[in-house]
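Here is a short note to read beside the structure. Keep the 3D view open and find each residue as it comes up.

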Amino acid sequence: MSSARPVAPPPTVSLVIPAFNEETTIERCLLAALRQTRAAREIIVVDNRSTDGTAAVVRRVVEAHPDAGIRILRQFDAQGLVPTRNAGFAAARGDILGRIDADSVIAPDWVANVSEAMGDPTIGAVTGPVTYYDVPLLGSSSLSDDLVRRPLWRLGRRRCPFLYGSNMAVRAQAWHAIEGSACADHDDVLHEDIDLAVHLKQTGIRVAYAPRMRAGVSARRVESSPSSFRAYTHRFHATYESHGIDHWTLRAPRHLLQGVYWGLRSVSSLAPSSATREPEVDLGLPREV
């Protein structure tokens, strides 16, 4: 008499959200994280020296959803994304460490798609496309980022696949394999998500792209000055250079973002703010988010 082989449960997902002065965005982010077809094991907001009402907003959401597994941690030892991310990863208990920004609005099936992608034991990290929910006209397409990101992925994956910090996840085991070598970036000049991708590849850990792993994000960086945006895009070069990596395919994102920056600034100056879309339109979230 044969017995059925037990089916392994899907890997659990901890969602880590670094936050610095995000009182205007964090509630929407959390509500989207709660409205999942498959619940995250926990949702961890890591407050990095916020001086506004970020913590108060998170506590209000916790009070409204006491059984949702939301935690808020204080990381006040150092200012910066890397130590804040690391504090959240250290506190997380899931098999997978989801990492999004405080302005990210994940699709209702985000956790399910991440868990499904990570069902392949050869994958150590995964990233997906985003749509920009506050850009007039051109930002309304849920496909716009994916159409760009797929070719970029194909161009760079042989030398160094990328991760996108607004929409990514790393297997806890993979993180533990690289956490001792991942760059601390004390001078705040690197892209921490690209740095993680480099370390994962150098350790022989596979990074994958999942087109169904969708999130909405704000394009608020477009509002920064041209010099500030140039410094932001220079982080691509600084990150690869710090690892001795140089190839024209890895320079493509920097130049592409520069083009997108000037294009979106032109559109924003011509189109009224009423032309923007809510993230719910493209991600299938309830309108009251």
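The points below go from the whole chain to single residues.

1. **The model.** This is a predicted model. Please keep that in mind for every value in this note.

2. **The whole chain.** The protein chain has 10 helices and 10 strands. Of its 289 residues, 51% count as buried. The chain exposes about 14,000 Å². Carbon and sulfur atoms supply 53% of that area.

3. **The largest nonpolar core.** This core holds 34 residues. Which of them touch the most other members? They are Ile 17, Ile 26, Leu 30, Ile 43, Trp 110, Val 114 and Val 126.

4. **A second core.** A separate core has 20 residues. Among them are Ala 125, Met 168, Val 170 and Ala 182.

5. **Trp 110.** Find this residue next. Leave out residues up to four places away in sequence. Trp 110 then touches Val 13, Leu 15, Gln 36, Gly 98, Ile 100, Asn 167, Met 168, Met 213 and Arg 214. Met 168, one of these partners, is also in the second core.

6. **Thr 25.** This residue lies in the loop between β1 and α1. Is Thr 25 buried or exposed? Its relative accessible area is 14%. Buried means under 20%, so Thr 25 is buried. Not counting residues up to four places away in sequence, Thr 25 touches Ala 102, Asp 103 and Arg 220.

7. **Thr 37.** Another loop, between α1 and β2, holds Thr 37. Its relative accessibility is 61%. Exposed means over 50%, so Thr 37 counts as exposed. Thr 37 still has partners beyond four places in sequence: Pro 108, Asp 109 and Ala 112. Thr 37 and Pro 108 are 71 residues apart along the chain. Their C-alpha atoms are separated by 5.9 Å.

8. **A three-strand sheet.** Now look at the open sheet with the order β5-β10-β7. Its pairing is mixed. Which strands are at the edges? They are β5 (105–106) and β7 (130–132), and each pairs on one side only. β5 and β10 pair in the antiparallel sense, over two bridges. Val 105 stands opposite Gly 216 in β10.

Note on methods: Residues are numbered from 1 along each chain as its sequence is written. This is a predicted model: local features need pLDDT of at least 70, side-chain atom pairs count only at pLDDT 80 or more; totals for chains, interfaces and linings use all residues. Side-chain values use heavy atoms; hydrogens and water are left out. A nonpolar core is a set of buried Ala, Val, Leu, Ile, Met, Phe, Trp, Tyr and Cys residues joined through side-chain atoms within 4.5 Å. Buried means under 20% relative accessible area, exposed over 50%, partly exposed in between (1.4 Å probe, protein chains only). Contact means heavy atoms within 4.5 Å. Helices (H or I, at least four residues) and strands (E, at least two) are DSSP runs, numbered from the N terminus. Accessible areas come from the Shrake-Rupley method with a 1.4 Å probe; for residues, only the protein chains shown count as cover. Two strands pair if DSSP finds at least two bridges between them.
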